[in-house]
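Please read this briefing with the sequence and the model side by side.

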Amino acid sequence: MPPTTVTHPHPAATDPSRRRAGTSLWRLRGYLAPYVWALVVMAVSAVGTVAAALSIPLVVRAIIDGPITSGDRAAIWPLGLLALLLGAVEAGLILLRRWVQASAVLGLETTLRGDLYAKLDSLPMAFHARWQSGQLLSRVTIDLSTIRRFSGFGLLFLVINIIQLFATVAVLLNLYWPLGLVVAIAAVPIIWLSRSFEHGYVVVSRRVQDQQGDVASQVEEAALGMRVIRAFGRRDLAYDKYDRQASQLFDSSVAKVRLSARFWTFLEIIPNVALAIVLLLGAIAVGNGSLSLGTLVAFITLMLSLVWPVASLGVILSMAQEAMTAADRVVEVLDTKSTIVGGDRVLDQPRGRLRFEGVGFAFPDADRPLLRDVDLDVAPGETVAVVGATGSGKTTLTALVPRLYDVTTGRVTIDGVDVRELTIASLRQLVATAFEEPTLFSMSARENVTLGRPDAPEADIREALEVAQASFVHDLPWGLDTRIGEQGMSLSGGQRQRLALARAVLAQPRILVLDDTLSALDVHTEALVEVALRAVLRDATGIVVAHRASTVLLADKVALLEGGTITAVGRHSDLLATVPAYRELLSADADLAGAAA
Amino acid sequence: MSTAADWRGVAAESQDDFTDRVTLLLRDRSRRLLTSLLRPHRRILAVVLAVVLVENAARLAIPYLVKEGIDRGIPPMQAGEGSSVLTTITVVVLMTVAVQAVARQAFLTMSGQVGQRVLLELRRRLFRHFQRLSPAFHDRYTSGRMISRMTSDIEAIDEMLDTGFDGLINAALTLVGTAVLLLVLDVPLGLVALGSFPLLLWLSAWFRRESAVAYRRTRETVAAVIVHFVETMTGIRAVQAFRRETRNEEIFGQVNDDYRLANMRAFRLIGLFMPGIKLIGNVTIAITLIYGAYRTLDGAVTIGALAAFLIYLRQFFEPMQDISQFYNTFQSAGAALEKLSGVLEEEPDVPEPSRPVPLTEPHGTVHFDDVRFEYVEHRPVLQALDLDVPAGQTLAVVGATGAGKTTIAKLMARFYDPSGGRVLLDGIDLRDLSETDLRAAVVMVTQENFVFAGTVADNIRFGRPAASDAEVVAAAEAIGADAFIADLPEGYQTRIESRGGRLSAGQRQLVAFARAFLADPAVLILDEATSSLDVPSERLVQRALRTILASRTAIIIAHRLSTVEIADRVLVLEDGTVVEDGAPAALIASEGGRYAGLHAAWVESLA
């Protein structure tokens, strides 16, 4: 469940056991499928490595109990060379495993990241409005590398270490079973402790991860709102907000440190305690002749070789926990059902007749609808201006056409077909919007303009730029190839709007939506743009959101939006004459009176 | 047309490209940062060091005690003299283990806490520093990169503190401790065993050198991933409306794959390093075994000592394996630290004065004295601008797009410093004012209208955090924002979602106005601040402005001449120079004047 409000940002954090631990991680196993052979090679070489490592102490035993006891110098060499060979084989197998592993886990991570990105790209506006992008970012970076680390380093060593643990205990039991039993018993508290540790750790590590997301959100807000923060001199306020989150993260991280410190210590101590007992009992056994000295040395060497695998089991288990919570957070996004799913129809020869039929719209948690009973019919090639007070729902109304939001009641049709029956791609090819707040990306000007039509020929680009009075891009240092700064910050508001307009015009849509696109232009430029737009709008069906009489004049007719519904439709001059509310909104009288004063 | 490669376009600089020559400088810079971060903790670090020494001494003592057990504990028992020596040794082993346990836990807890403290301090410093850097820097640096520095780079350091620190310290101490102990046990055999150390050091040095490069590359590529990701999510509306998804996935696929390749290179390096260490270790053990067996037969070394040798070598090489894993995190943390230290050493190009001139009661007299400004060299936006605005005057600046209007606003708000000349407030150069005094006196409202996650009331209160609820409401009423706010589901307590989602552009502008009204500055700058308002709202704001501006200096930048009508004085700007300056009525009356022309065009557009 996504966070719906800031007060309860992480509903899932309060109940981490809601999902069975590891379920999400297991679900991601499909991403390893292309690497099955790599996994087999990894597993086989891992087993070989353990076998080679186990054999070396047995060779030591053979040397102590054989040549050293008997004084046979010549017998040292074959055994010594065997140890050398086993050592080389072990190193060779590790080399093989590592090289295979690198491509497999990085492939997994990269594919998963690509899929997450594609998923987020397709999720509707309503989803993005709810989720802070800092939370999404931490999933795509931190969580994915956690999963990668576990599936490469962690998972493999978990398996190797467990195999090594069992194989060594088996060898030890075989060497001298009473001592072997001591070692086997020492493993019990380790396994028991690991389980209880797992329980506490999952809670604190999820908390840390979520708080990292919160800190990221604060950083993002401060980064994007930097100019406003500076204009008002509120950096202390922003800093305090950030600091609160960062301090909470600090507290949780310290709690995590304490928890793991206890666990890791315990894991290192138990084998050493077992060693003391083995030394005591083993020496007694050697003393009374039931154990050879070589066996005792081999025994102790083997036992000590267990210290590292067992101790690192702690690191690996915490890694596993982190990977599980990370997988939960990733699957959370992957599982989000897109509420806006395309149909399967494509209009062959769209004419562009647009109808709103009894359309209503309410935001999910709003107590009353923003739009209700909206009926509007726009003929192909006709342009309608939507006029209404600030916040009356004009922008939302236009967003319903390309399905950035879906209607809650009624329907929107193009050429008589409900937009929900069309494929998303074909629908959004039919409709292009120039937004009031132009979103420019830090890419070349060309890439920004050709957003909706990457294959547009040069002539069309030039023409679209001319229509939007955006030919200034040719004067940029590298012309159309100049990178436009992030959000187009290096351009003025008017320049950004004109680029966004060029983008919409270039898309050559059947239906062109202009959402108060000209608000930041000066009068002179606006007039030039309007002349050029008239030609474009002759061929397309147009919806123009307008605040000014000058923009309204682009349209053939005007719809007045009041109280969430359309109360009047007609020609500008008629409405001006007959509808007082319209006069109040658009009358130039007051402006003129002021100007003349 | 374009391939995935050239989507970014060309820009003047890439701030992430380092030549090899500066690498040394970078390391110096990182070290300075690290030193300054650790200095406050030097007492506790000394304790940590002592504790870790005790821990390692205890750990290294155990194989020696095993040797003693074999060599001294077993013979008396074989001779039937009882097990008292063996029992004593066992008790000593258990005590050593206890010491090790206490020391280890203390070390992990203390070093972990210091690490987190350092991390918190680093987070705070970075945030503070980013705040001090000028908008010009941020324009260049982009918020995506800033976010990447403050999330992914910090995360790399966190991970190092989590796992790498402990591993590396132990490896270093084990290295030294083992070398000493081996020589104490038997010099010739010890020398043979230590023969591998130079090889080991050489391999480590090679790995360190190679992976430093590889890890810097991974940091750079992950930054590209983050920047693209953040931009997509921020501009998701345009992405979806223009069916940008496929192309975006193509681009993301590319930056994602660059990151994968960078990682692959780093992984391959470890893939060579780790088995290399293992090979050296195993060969050393085998040689020690053979030579040790001869020495034992010669009676120069006891069996217990041989066993201790083998245990020490194993104990030494085993963790070395995983050190490379921890070393990774060290490398990426090192690369991250380089970038962070770079940001922290970036001098603010709009620096705050070290000895600010106090400004207690600003009147709002503004003076531009021979001000020149250029964003790009030799492309002046303003040339030799002289301007006197008496306190209380409302000045409107008009002119075509790109004439330099916004630059005047930005200079007045000290987002930039002039390339030449001075901007003065009440006779004081803006560069001599403290940030607090300047921002209390000068507030700018732009068309950007960023809203923060939080309630509507919080967003208005941003103008003056100490304001009461009643004052917040009063500000909204004065500006005409009260009506729409009251209509929201929870009125002033309605939470505004991520990036303002539900508020329309006009509503956000009203919130921004209320914010500025509440801030009550001596100089108010409005940069295209009413462009998204409908006529009635603008009229309301206009009416409110008449009263608000009566008592303060105002600079209004506007395309709409309706906003200009409340001005006492109009400045017409063309290519960075003032071409007309006077009262609006006088300018309208002047036949053939530029303002008269603009005005006529505007009146016509209202038809």
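In chain B, strand E1 (residues 366-374) and strand E4 (residues 420-425) run antiparallel and are joined by 5 bridges, where strands (E, at least two residues) and helices (H or I, at least four residues) are DSSP runs numbered from the N terminus. This is a predicted model, in which local features need pLDDT of at least 70, side-chain atom pairs count only at pLDDT 80 or more, and totals for chains, interfaces and linings use all residues. Residues are numbered from 1 along each chain as its sequence is written, chains are lettered from A and ligands numbered from 1 in the order in which they are written, and side-chain values use heavy atoms, with hydrogens and water left out.

**Helix H11 of chain B**

- Helix H11 (residues 405-412) of chain B is largely enclosed by the rest of the structure, because 7 of its 8 residues are buried; buried means under 20% relative accessible area, exposed over 50%, and partly exposed in between (1.4 Å probe, protein chains only).
- The buried residues of H11(B) are B:Lys405, B:Thr407, B:Ile408, B:Ala409, B:Lys410, B:Leu411 and B:Met412.
- After H11(B) comes B:Arg414, which has a positive phi, near 55°.

- Strand E3 (residues 394-398) of chain B is largely enclosed by the rest of the structure, since 5 of its 5 residues are buried.
- From E3(B), B:Thr394, B:Ala396 and B:Val398 point one way, whereas B:Leu395 and B:Val397 point the other way, and all are buried.
- E3(B) runs parallel to strand E10 (residues 553-557) of chain B, to which 4 bridges join it, and B:Ala396 stands opposite B:Ile556 in E10(B).
- E3(B) also runs parallel to strand E11 (residues 569-574) of chain B, again with 4 bridges, and here B:Ala396 stands opposite B:Val570.

**Loop residues**

- B:Arg243, in the loop between helix H8 (236-241) and helix H9 (245-297) of chain B, has a positive phi near 50° although it is not glycine, and is partly exposed at a relative accessible area of 22%.
- B:Asp520, in the loop between helix H16 (505-519) and strand E9 (523-527) of chain B, likewise has a positive phi, near 55°, and counts as partly exposed at 48% relative accessibility.
- A:Thr450, in the loop between helix H12 (445-449) and helix H13 (458-467) of chain A, counts as buried because its relative accessibility is 5%.
- Beyond its neighbours within four places in sequence, A:Thr450 is in contact (heavy atoms within 4.5 Å) with A:Ala456, A:Ile461 and A:Leu506.

Definitions and conventions:
Pairing = 2+ DSSP bridges.
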